[in-house]
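Welcome! Here is a short briefing to read alongside the sequence and the 3D view. Take it one topic at a time, and keep the picture open as you go.

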Protein chains: 4
Amino acid sequence: MPKKIRLGILGGGGDSLIGVLHRVAAHMFDSYEIVGAVFSPEHEESLDFARAIDIPLNRVYKDFDTLITEEMKLPESERMQVCSVQTPNFLHFPMAKKLLDNGFHVICEKPMTTTYEEARILQEAHRKAGTVFAVTHTYTGYPMVRQMREMIRAGELGKIHKVDARYYQGWINPIIHDRSKRSTVWRLDPEKAGISSCMGDIGVHAFNMIEFTTGLQIKSLLCDFNYLYDDNQMDVDGTVLIRMDNHVKGVIRASQVATGEENGLAICIYGEKGGLRWEQERPNFLYRLSDTQSLQVYRPGHQYNSELALDGTKLPPGHPEGIFDAMGNIYRGVARAIRGEAYNSGEFPTMTDGVRGLNFIEATVASHKGGNVWVDLD
Amino acid sequence: MPKKIRLGILGGGGDSLIGVLHRVAAHMFDSYEIVGAVFSPEHEESLDFARAIDIPLNRVYKDFDTLITEEMKLPESERMQVCSVQTPNFLHFPMAKKLLDNGFHVICEKPMTTTYEEARILQEAHRKAGTVFAVTHTYTGYPMVRQMREMIRAGELGKIHKVDARYYQGWINPIIHDRSKRSTVWRLDPEKAGISSCMGDIGVHAFNMIEFTTGLQIKSLLCDFNYLYDDNQMDVDGTVLIRMDNHVKGVIRASQVATGEENGLAICIYGEKGGLRWEQERPNFLYRLSDTQSLQVYRPGHQYNSELALDGTKLPPGHPEGIFDAMGNIYRGVARAIRGEAYNSGEFPTMTDGVRGLNFIEATVASHKGGNVWVDLD
Amino acid sequence: MPKKIRLGILGGGGDSLIGVLHRVAAHMFDSYEIVGAVFSPEHEESLDFARAIDIPLNRVYKDFDTLITEEMKLPESERMQVCSVQTPNFLHFPMAKKLLDNGFHVICEKPMTTTYEEARILQEAHRKAGTVFAVTHTYTGYPMVRQMREMIRAGELGKIHKVDARYYQGWINPIIHDRSKRSTVWRLDPEKAGISSCMGDIGVHAFNMIEFTTGLQIKSLLCDFNYLYDDNQMDVDGTVLIRMDNHVKGVIRASQVATGEENGLAICIYGEKGGLRWEQERPNFLYRLSDTQSLQVYRPGHQYNSELALDGTKLPPGHPEGIFDAMGNIYRGVARAIRGEAYNSGEFPTMTDGVRGLNFIEATVASHKGGNVWVDLD
Amino acid sequence: MPKKIRLGILGGGGDSLIGVLHRVAAHMFDSYEIVGAVFSPEHEESLDFARAIDIPLNRVYKDFDTLITEEMKLPESERMQVCSVQTPNFLHFPMAKKLLDNGFHVICEKPMTTTYEEARILQEAHRKAGTVFAVTHTYTGYPMVRQMREMIRAGELGKIHKVDARYYQGWINPIIHDRSKRSTVWRLDPEKAGISSCMGDIGVHAFNMIEFTTGLQIKSLLCDFNYLYDDNQMDVDGTVLIRMDNHVKGVIRASQVATGEENGLAICIYGEKGGLRWEQERPNFLYRLSDTQSLQVYRPGHQYNSELALDGTKLPPGHPEGIFDAMGNIYRGVARAIRGEAYNSGEFPTMTDGVRGLNFIEATVASHKGGNVWVDLD
């Protein structure tokens with residue numbers, strides 16, 4: 001008789017959008033109960049938020065270290081089982097590391113760390129801990145992305161020879177062209193945002209989607225960024241040439257100045273026997289292209305769907321599910337893993353995805369700064 | 001400091017899809033706590049389901065009457081505040097009536113009752129109770145439907161002169177053409193499903209969408225059903241000519257034999273100054289048509305959206321929300337109403353919508369059986 | 001060794017859009033040569049237009065009767081073989097009749113006549129003449145409409161049980177709401193435009209598409225018009241309930257006040273085994289719906305296309321052809337018929353289509369004026 | 001009083017698809033008369049084809065040199081004014097050169113020559129001749145591409161900072177994976193097809209579209225090809241990083257192994273004030289993106305269209321025109337230029353476009369073979 005999994009939340013309080021996304025996802029399959037949190041660095045704000053969402057106050061701790069200390073005092077049957085890390089990026093690494101070191105399962109927002117080096121350290125900590133670790137590349141939770149992955153694994157495209165992924169947004173456009181604004185936005189400050197803006201925030205999703213859906217690894221890349229202005233030090237746009245296996249090539253395009261684009265992640269995979277196309281803004285449509293047959297449009301909830309895709313669909317065909325449902329699917333996969341139930345390796349992105357992502361981001365910067373040269377990934 | 005609203009659930013246990021939809025919606029804005037339920041007519045099944053979703057068992061009652069009796073014994077501060085009725089259709093009326101008579105707020109699945117007469121009785125009970133009553137016409141919770149309503153109320157289309165709504169599904173197609181199957185499906189058995197299959201189940205949604213978005217009332221209608229076979233007594237398809245105000249006309253089309261259609265609800269409203277088109281299967285796109293300007297595509301989450309539409313959007317533009325989010329918006333509106341907070345009249349469908357719906361369904365049957373004659377609505 | 005067919009043109013001069021459409025179509029497959037014409041009632045205008053498009057002037061006649069007289073004097077090997085009638089509607093009948101009576105082939109714009117009675121007379125004249133007669137229901141010339149027809153004939157949808165066709169335009173909207181304008185537009189003057197505006201001009205195309213693609217005949221109909229204003233005597237909007245064979249029903253919707261709609265002809269056909277959907281404004285996409293399989297999108301130029309569809313496609317897949325190409329296909333079919341070559345019955349609409357169309361238009365008026373009663377077609 | 005322009009055709013006989021496209025385009029606006037031709041290297045085939053399309057035989061010459069010799073003997077008032085070169089690629093240069101040297105106007109299929117050097121020579125010949133020279137980058141003739149160009153010229157996007165163009169086809173996919181096939185296809189034989197397959201055939205269209213619509217020039221590029229197999233020497237896929245002005249960057253993607261893609265040319269232009277997107281397979285839709293306003297969908301034939309776009313539209317909104325119409329628009333522009341009438345510089349692509357194209361193609365090869373280095377364009 002399953003009890004709800006005891007979930008702790010780090011960050012995600014106040015007006016946090018990511019906080020809403022995680023809480024709804026956690027509740028979606030009746031699998032988690034929020035038992036404790038540090039919603040904010042200000043304890044009083046944490047408590048206020050706990051009251052606002054009507055969470056018991058006794059395990060709303062004043063800071064992360066106290067949370068660890070106090071939770072470790074509780075008997076294992078009461079202790080938090082998993083913590084969801086939704087804090088600013090630079091805190092992901094120290095928090096995730098300490099959680100792993102103390103035997104917690106972890107759900108970690110993306111990027112997993114701010115450097116590849118940290119990512120490798122975290123990977124080692126995870127290896128020792130042996131707990132469940134998920135990185136929330138949310139888009140992998142969409143049923144049609146899962147369908148894509150399963151079709152490719154089943155060989156429906158034959159040998160893949162070309163990949164093309166795009167993530168276009170336009171939100172920095174109204175900022176970047178105004179010198180006073182661009183000097184004050186944290187995203188464009190390397191001290192606060194790390195080594196990359198565009199590629200680190202969204203390009204990495206496109207990268208992850210390619211590896212997630214194809215099961216192949218990108219071997220090397222050549223990247224060109226666009227900063228738009230000489231006094232801007234952060235990439236707001238970039239294109240990455242990629243090489244996978246022998247003679248398999250592709251391109252990743254990412255932009256934060258694709259004016260008017262909203263959240264335009266899209267991926268196309270082409271193989272000997274067919275192609276597949278998916279777009280995040282119309283997530284319930286998957287297009288199968290063929291040399292000889294009519295275009296086919298796959299939709300969720302049908303018997304022709306793969307088991308993994310169907311597992312990620314709660315309602316019959318024609319009832320659109322969205323990004324909350326995608327995140328819910330990831331949370332459910334993590335719950336199954338924590339409970340030791342059977343699950344598909346595609347149910348949630350893992351430590352490996354997180355490590356690969358940081359490897360990718362640093363490689364794009366190295367390639368661009370090196371004069372658009374080819375850089376190998378590990 | 002808001003406490004979560006104490007919610008009781010009637011029905012929705014086991015594999016019920018509608019049950020999942022309501023539970024996720026209830027949790028979506030941290031506004032409700034499930035405190036009791038009768039998930040199933042079999043008490044043991046109810047208890048099993050409560051264990052499966054990890055709900056306390058002490059208020060999982062053996063039947064609806066016991067729920068009422070026992071809850072009324074509790075102090076008001078502990079008693080369920082609102083019950084969500086998700087049972088088979090014929091139970092909606094007696095349950096909703098008794099809930100109202102005992103002072104509960106009610107969230108009632110659609111159709112509100114099985115006859116117009118019951119609906120009128122329930123309306124009177126509601127008038128006496130003075131509590132909050134919502135009918136879950138879920139589609140009205142989509143941000144772009146709310147946008148449509150607000151644009152029309154703001155006069156952006158000018159005087160409306162034509163409406164066109166469609167709800168096409170195909171799921172009965174594989175059943176209706178097989179005599180053995182069609183005689184055993186409860187939906188096609190008037191004893192179990194009431195006087196109408198297609199118009200009662202889905203046509204009424206199209207009807208509701210017209211009245212919800214335009215704020216106008218349909219005055220009279222002429223309907224033609226299709227039964228497809230002489231031995232089938234239930235409509236599986238139908239078209240309804242409608243008349244609203246002076247010289248305002250339109251059409252409602254509904255089908256369960258539109259082969260291959262999934263859940264094809266769509267609505268077009270045309271007025272002197274422009275038109276609006278929305279489709280349920282692509283809910284995050286709203287099309288504004290004009291005689292003189294380019295077609296405009298409205299999307300959720302933008303500053304150009306109406307307040308009511310923005311209120312129903314949790315994430316920035318480009319992050320697709322779906323039907324769970326639409327239902328969540330309705331639950332939030334009900335929560336605000338229960339708490340006495342300010343809310344927009346478009347946040348949830350009310351008793352009036354429920355009553356109108358039954359009036360519509362019975363009028364379509366009367367028109368068809370009367371030989372496709374015009375029938376007035378009250 | 002084929003010589004170009006000798007073509008005469010009636011009307012279509014000056015700024016006439018329909019004239020351009022016919023001339024381009026005639027030239028499209030190198031099959032016709034324009035040898036004579038009466039482009040305009042004013043002879044000098046006719047001559048000017050002939051000069052503008054560089055046509056020999058010697059057979060540009062002063063009026064239609066002269067054209068007949070003079071052409072009949074020519075030896076058969078020089079005489080016009082076919083005349084294309086593009087004059088105002090009321091002239092279609094007398095011209096077409098005289099052409100048939102003198103043994104010419106005829107390509108006639110739609111509507112073929114202004115009354116059903118005339119249509120029947122013309123049908124008889126055609127029977128006697130034994131020449132080729134085509135009515136330019138242009139939309140039937142699109143490859144994907146031909147594909148639709150052939151798939152249905154091949155039984156791919158099984159027994160059809162529901163049809164739904166729409167033709168929505170908005171162009172009268174800016175006129176109808178202005179009393180001064182609506183009293184001066186010839187389309188809204190029954191003396192000039194005949195008994196119907198909306199149904200006669202565009203509804204009849206939707207009607208034709210249903211009969212053309214399904215091969216079935218509409219047996220009876222019930223129609224409701226909308227005039228919008230009491231002082232307007234012409235339908236600008238209407239909905240038609242239709243009955244075909246036993247238990248096959250459907251609906252035709254037509255409007256000239258669907259604000260902002262351009263030329264929105266669309267047709268959906270549903271049968272036991274599947275459905276088909278096509279839209280005129282995206283003519284190179286044909287959607288095949290299924291209960292059990294993914295949606296399929298048929299495109300022109302592929303080997304999976306029917307012979308008739310492929311015959312109507314000049315370029316490889318992905319090179320969009322449009323309405324000029326559709327008309328070109330019809331002209332080519334007529335050329336084949338005139339030359340006595342083999343052709344498919346779907347290559348051009350015939351006298352029967354013209355007669356049926358007039359029958360439909362008059363039936364809709366009779367139904368509406370009779371109080372929305374069922375009216376049988378012959 | 002305009003006489004039709006006397007047109008000669010080189011190539012385009014037999015089953016040639018490009019021949020149909022040019023002939024229909026030439027007839028579209030009643031502006032050209034075909035007076036002579038060399039349709040095929042075999043004179044008898046040329047004559048047969050002339051008979052099939054019913055062209056006078058007396059000026060169907062046995063070869064190109066004879067055509068020049070004989071036409072030059074005719075008085076200028078009878079002589080061909082313009083020749084349309086539709087022969088295999090390697091003949092474009094010698095024919096176009098000799099035509100220019102003898103004072104003819106030229107319409108030349110793309111690629112204009114097989115090398116950049118030839119292109120420069122031809123440019124010089126054209127400078128001397130002073131006649132009209134058009135390269136048939138057909139896609140520039142679409143009304144919505146013209147609209148794009150005019151909106152950008154009018155400053156509606158503000159300063160442009162990013163461009164993204166794609167041309168994806170899949171037709172080589174079934175060939176490339178079969179060693180026996182790939183060694184026998186002329187497109188993959190450098191002796192016959194020149195230095196590039198994919199970039200030379202279709203990538204150059206994407207390049208041209210960027211320069212045509214933005215009015216900006218690409219300064220340098222970095223290219224990576226994919227050959228897929230070691231024994232294949234011709235690019236069948238490639239990605240090109242491009243740099244335009246200071247801080248303006250972009251990407252061109254082209255493929256002949258994008259399995260199942262038909263003729264997927266698409267272009268996105270992003271500027272400070274907005275973005276524009278257009279796709280060749282849905283040519284009558286132009287999307288205008290904005291940071292702050294709803295997406296706008298421009299359609300042809302409306303008063304809000306630019307003059308140049310409207311000039312390229314023959315019918316009212318909603319009547320789809322296609323690629324034949326796009327080519328027709330180019331032919332009309334050339335006719336106006338030949339007649340010395342006023343025309344817009346966007347009506348047809350010129351010698352400059354041809355020269356730039358060859359510069360681009362050779363630069364991509366140089367970049368790839370140089371190890372993916374930046375190569376400047378002239």
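**How the copies meet**

Since 100% of the interface residues of chain A are also interface residues in chain C, the copies meet through the same surface. Keep in mind that this is a predicted model. The points below go from whole chains to domains, then to a pair of helices and a few backbone details.

**Chain A and chain C**

- Two copies of a chain are related by a rotation about an axis and a shift along it.

**Chain A and chain D**

- Chain A can also be laid on chain D, with an RMSD of 0.0 Å, by a turn of 180 degrees and a shift of 0.0 Å along the axis.
- That is the relation of a two-fold axis.
- How many residues take part in the contact between chain A and chain D? There are 34 residues of chain A in contact with 34 residues of chain D.
- On the side of chain A that touches chain D, two or more residues each come from β6 (160-168), α7 (173-176), β7 (220-226), β8 (237-243), β9 (249-255), β10 (264-271) and β11 (274-279) of chain A.
- β9(A) gives the largest share of that side, with four residues.
- Sorted by class, the side of chain A that touches chain D has ten nonpolar, 15 polar and nine charged residues.
- Here, too, the copies meet through the same surface, because 100% of the interface residues of chain A are also interface residues in chain D.

**Two domains in chain A**

- Chain A is divided into domain 1 (5-131) and domain 2 (140-369).
- The C-alpha centres of these two domains of chain A lie 25 Å apart.
- Their contact takes 26 residues from domain 1 of chain A and 19 residues from domain 2 of chain A.
- On the domain 1 side of this contact, α1 (17-27), β4 (105-108) and α5 (116-129) of chain A each supply at least two residues.
- By class, that domain 1 side has 15 nonpolar, ten polar and one charged residues.

**A pair of helices in chain D**

- Two packed helices are described by the angle between their axes and the distance between the axes.
- In chain D, helix α1 (residues 17-28) packs with helix α12 (residues 323-339) at an angle of about 60 degrees, and their axes are 8 Å apart.
- That angle makes α1(D) oblique to α12(D).
- The crossing of α1(D) and α12(D) is right-handed.
- Which residues meet here? From α1(D) come L21(D), H22(D), V24(D), A25(D), A26(D) and M28(D), and from α12(D) come F324(D), M327(D), G328(D), I330(D) and Y331(D).
- The contact of α1(D) with α12(D) has nine nonpolar, two polar and no charged residues.

**Backbone details to look for**

- Most residues other than glycine have a negative phi, and most peptide bonds are trans.
- The peptide bond from K110(A) to P111(A) is cis, with omega near 0 degrees, and P111(A) is found in the loop between β4 and α5 of chain A.
- In chain D, a cis peptide bond joins K110(D) and P111(D), with omega about 0 degrees; P111(D) is in the loop between β4 (105-108) and α5 (116-129) of chain D.
- L228(C) is not a glycine, yet has a positive phi of about 70 degrees.
- You can find L228(C) in the loop between β7 (220-226) and β8 (237-243) of chain C.

Methods. Residues numbered from 1 in each chain as written. Chains lettered and ligands numbered in written order. Predicted model: local features only at pLDDT ≥ 70, side-chain atom pairs only at ≥ 80, totals over all residues. Least-squares fit on C-alpha atoms with pLDDT ≥ 70 in both. Contact = placed C-beta atoms within 7 Å. Nonpolar A, V, L, I, M, F, W, Y, C, P; charged D, E, K, R; others polar. Domains from an automatic or database assignment. Axes fitted to C-alpha atoms, helices over the stretch in contact; angles between N-to-C directions. Parallel < 35°, antiparallel > 145°, perpendicular 65-115°, else oblique. Left-handed = near helix turned anticlockwise from the far one by under 90°.
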